[in-house]
Amino acid sequence: MLNTLTISETTARLQRREISAREVLAACLDQVRRVDSKLHAFLALDEPDALAQAEAADKRIAAGEQGPLLGVPIALKDVIAVRHQRLSCGSRILENFVSPYDATVTGKLRAAGAVIFGRLNMDEFAMGSSTENSAFGPSRNPWDRERIPGGSSGGSAVAVAADQCIAALGSDTGGSIRQPAALCGCVGLKPTYGRVSRYGLVAYASSLDQIGPFAKRVRDAAVLLGAISGYDPKDSTSVAQPVPDYSAALTGSLRGLRLGLPREYFAAGGLDPQVKAAVDAAVDKLRELGAEPVEISLPHTDYAVATYYIIATAEASANLARFDGVRYGLRVDGKDPIELYGNTRGQGFGDEVKRRIILGTYVLSSGYYDAYYLRAQKVRTLIRRDFLKAFETVDAIVTPATPTVAFRLGEKSQDPLQMYLSDIFTLSCNLAGICGLSLPCGFTRSPKLPIGLQLLGRPFGEETLLRVAHTYEQATGWHVQKPALD
Amino acid sequence: MAGAHMDVTDVAHLARIRLTPAEEQTLGRQLDQILDYMEQLKGLDVSGVEPTAHPFPLVNVMRPDEARPSLSQDEALRNAPAPANGLFMVPKIVE
């Protein structure tokens, strides 16, 4: 059962030569074979390539090398480029696309000795909250296969929760790491905008996108974040801020920390009573552990959904203009280039992607730009100011990660606005450019489904989030509960 | 098809997405509903507020203008749906 190990357990046992990287990978591949026909976390798997990496890691270990990820199998969302592997973004339009280069995070994982394997399922172009928008079929929640795993990084959350890998990477534009992590019962972290290079991440909304870790433990998220962070000359929006030793931040003490509880989140209309009860209990636990919870206000919270879906779709309409049927991807011919573009994009994109590109085109179009796009950018300023003001008096903010637990497949797929509203607690973090983390804080009774606690931190305040999350995790035991997969 | 807010046929054409009549119906209705929801932003006073395009204001990030290795022509064309003679093929534009 080596596939159930955490990153720190794996590296410790590899260093002691009790196990080999090849054996850990084989255990993960066995688990994929055993459960993935039911869960559909993986879109593709290149076993010979993964085995070659594991063998190379074993040689490095035998030569005395050490490293925080050396020999650890890590799976990537299918929106992060890996040289000579498929990069479909869950879309028909890129179904046969093979990446000619590595993303910066991929290169960093390689340098750290990770065994990179598997392409993980996602909502098409990271647009969605359930993975139902994948052109290749939805992933399933390991706790209840009739329910969605969340999205857009649903495959990443499922693969970690179902022990099909040791850890994974996803991307988060409006909650796409934190929401599926919450709904599947694992740890997910969206770094501060600029903390991690976006080079080689297929762009959805460039001012909001960040890559981040999915892990079984907070400590693993800290290790993985450290490995992928840092300034990159290939991404002009990455920030030249030193990368701390995130593991060193896990001191186990919350003494003196002030935690803000935004009243707008706890009074939200659609908040499930069982989710609220679990988060209230988590706040009590944090108080018991030495933190000081205080009520705060983020007055522009109610405007986040509208603001996000204007800014994100505007940016998406520009970013996805590159899929034109000429240079790469699907091509559906036409009598002239205009018809070729229309046919290719009409047949290559799924419904949600079309909806967002059309909405984004509209809010940027002449006559509507000021009323929608410019106004949304101004409200974004107000939302960011709310957070920066709150962080003058608190060290981190505590909220539910999602208003409800995992919903049923098909429940919201015909009603896009209801789907958008399910992101209500995660969107503001991306608009403000701050960091956020989600971790397990309980389960509903029947059916038993995971509940997620969200922590939000100052720009480059990941150490505080990890410290709070780790202290809470070690004092509870939610993270050791596993879904029954048979 | 013109809804209360947008003419979806027209905007889809601007976005170079060809929709079927059934898609125009469904998307048009959904987009109108979404734009109704967006109306709430109009009630907020944003006078004197600067727009945020990026969470961290960066200006003129420059790099030296030097030749660096890049993809070979073969690699750049590997994913092209219709390459020919080292080029991308497109339908005839000029008669």
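These legends accompany several close-up views of a predicted model.

**View 1. The contact between chain A and chain B.** Let's start with the interface as a whole. Chain A brings 70 residues to the contact, and chain B brings 51 residues. Between them the two chains bury about 5300 Å², and carbon and sulfur atoms account for 69% of that area.

**View 2. Salt bridges and polar contacts across the interface.** Two salt bridges are counted between chain A and chain B. One pairing to look for is Arg83(A) with Glu75(B), whose side chains form a salt bridge at 3.4 Å, N to O. Polar contacts join 17 residue pairs across the interface of chain A and chain B, with both residues at pLDDT 80 or more.

**View 3. Helices on the side of chain A that touches chain B.** At least two residues of this side come from each of helix 10 (304–319), helix 11 (337–348), helix 12 (351–364), helix 13 (370–390) and helix 14 (416–421) of chain A. Helix 13 of chain A contributes the most, with 13 residues. Sorted by class, the side of chain A that touches chain B holds 34 nonpolar, 19 polar and 17 charged residues.

**View 4. Helix 4 against helix 7 within chain A.** Here the axes of helix 4 (residues 104–111) and helix 7 (residues 218–228) of chain A come within 8 Å and cross at roughly 110 degrees. The two helices of chain A, helix 4 and helix 7, are therefore roughly perpendicular to each other.

Definitions and conventions
Residues are numbered from 1 along each chain as its sequence is written. Chains are lettered from A and ligands numbered from 1 in the order in which they are written. Side-chain values use heavy atoms; hydrogens and water are left out. Contact means heavy atoms within 4.5 Å. Buried area is the accessible area (1.4 Å probe) that two parts lose on being put together, summed over both. A salt bridge is a side-chain nitrogen of Lys or Arg within 4 Å of a carboxyl oxygen of Asp or Glu. A polar contact is a pair of N or O atoms within 3.5 Å; within protein, one must be able to donate a hydrogen and the other to accept it, and residues adjacent in sequence count only if both atoms are side-chain atoms. Helices (H or I, at least four residues) and strands (E, at least two) are DSSP runs, numbered from the N terminus. Ala, Val, Leu, Ile, Met, Phe, Trp, Tyr, Cys and Pro count as nonpolar, Asp, Glu, Lys and Arg as charged, and the others, Gly among them, as polar. Axes are lines fitted to C-alpha atoms, for helices over the stretch in contact, and angles run from 0 to 180 degrees between N-to-C directions. Angles under 35 degrees count as roughly parallel, over 145 as roughly antiparallel, 65 to 115 as roughly perpendicular and the rest as oblique.
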